[in-house]
Amino acid sequence: MLGENLDGRLYTDLSKLSPDAPHPTVVPTERFYIRTRASTLLKSGDLDFINLFARGTTAPMRLSAGSLRKQARPMGMHLLECAGNTRETRFGLISTAEWAGVPLVDVLDRLGMARADGRILVSGFDRYESPSATSQPGASWVFSFEQIRTCGAFLATEMNGSVLPKDHGAPARLVMPGWYGCTCIKWVNEIRLVGDDAEPTSQMQEFAVRTHQQGSPKLARDYQPAMIDLAAMPVRIEKWRVAGKIKYHLIGILWGGSEPAQRLEIRFNPEEDYVPVDNLPQTKNAPWTLWSHAWTPAAPGSYLVRLRVAEPKVRTRTRRLDTGFYVREVEVSDI
């Protein structure tokens, strides 16, 4: 664990992922990435209730954290990725977990907020004793009702079978399946119905570039959904000796997008042709899929490993994948 408060980080070591693990696609909670740690100003009892404001009201309805925990049910395995997941962090700001919680639309329906005009502002406790070197406070995001319904958003109270840890947003965090982590507000303390003319929050503005917005829109309604595009990369390369010869075996992950990809291709230098990866056991659009590929380098040297989805039927954006965002470099000394 590195740093505190807004500068707190924990990077997931993706090289430890293995198809042979008991739960190969689930990251243990203690290794699940953290982009921001809980504020030292956050005290016990501060988040016992979530305040819910109908539009134009000043007196909130209150939803207790205890009632949320009692209503929680399994919500399945979902992936979170920080929109700032980069090569400098070894792409370690990405993880999957089994979650339990309460669908956000159920909360809104019971309170009559899902039948009103407007948008939903979800905010979290985000005050700190000192300024951050890397980010700004103000954890909140504005969503349309349709976005909340379509992605299956929920208020999570558990991860991997245990109570949500403090650094992961306890007692309740928002999970927007398929959306970048900046939208998955931690330490939720307020849900507010706002008008369709609501301005974007400071967090929306901070992450506008990283969520592929066209500039920085003036109204929250003009922000495109911050969905994770289809992407793939290697996470580990093993050197094997087979029948006296050296072979290399790559293991990687495929994630994101809205449809499964059945044809993933790989190349090891710009002058080479793409070839299909050997093993891609994806039959549905899972949070992430482990793939593998056997490789025999032509000569010692430095190689740039790049992947693409060569499947025209998959109608999804692959912006980061297409621009080489997840290219990995490997140095080969033995062949």
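1. Two strands are taken to pair if DSSP finds at least two bridges between them. Strands (E, at least two residues) and helices (H or I, at least four) are DSSP runs, numbered from the N terminus. On that basis, E265 has P276 in β14 as its bridge partner, and strand β13 (residues 264–267) is joined to β14 by 2 bridges, running antiparallel.

2. This is a predicted model, in which local features need pLDDT of at least 70 and side-chain atom pairs count only at pLDDT 80 or more, while totals for chains, interfaces and linings use all residues. Residues are numbered from 1 along each chain as its sequence is written, and side-chain values use heavy atoms, with hydrogens and water left out.

3. The chain contains 5 helices and 17 strands. Its radius of gyration (over C-alpha atoms) is 21 Å, close to the 20 Å given for 335 residues by the globule rule (2.2 Å times the number of residues to the power 0.38), so the chain is as compact as a globular protein of that length. The C-alpha trace spans about 75 × 40 × 40 Å along its principal axes.

4. Of the 335 residues in the chain, 52% are buried, meaning under 20% relative accessible area with a 1.4 Å probe, protein chains only. Contacts are heavy atoms within 4.5 Å; among those between residues at least 6 apart in sequence, 69% join residues at least 24 apart.

5. Strand β7 (residues 154–159) has 5 of its 6 residues buried, so it is largely enclosed by the rest of the structure. Strand β4 (residues 94–103) runs antiparallel to β7 and is joined to it by 5 bridges, with W99 opposite M159. Strand β9 (residues 173–175) pairs with β7 in the antiparallel sense over 3 bridges; here F154 stands opposite V175.

6. β7 also pairs with strand β8 (residues 162–163), antiparallel and over 2 bridges, and M159 stands opposite S162. The hairpin of β7 and β8 has 2 residues between the strands, and N160 takes a positive phi near 55° in that hairpin.

Note on methods:
Buried means under 20% relative accessible area, exposed over 50%, partly exposed in between (1.4 Å probe, protein chains only).
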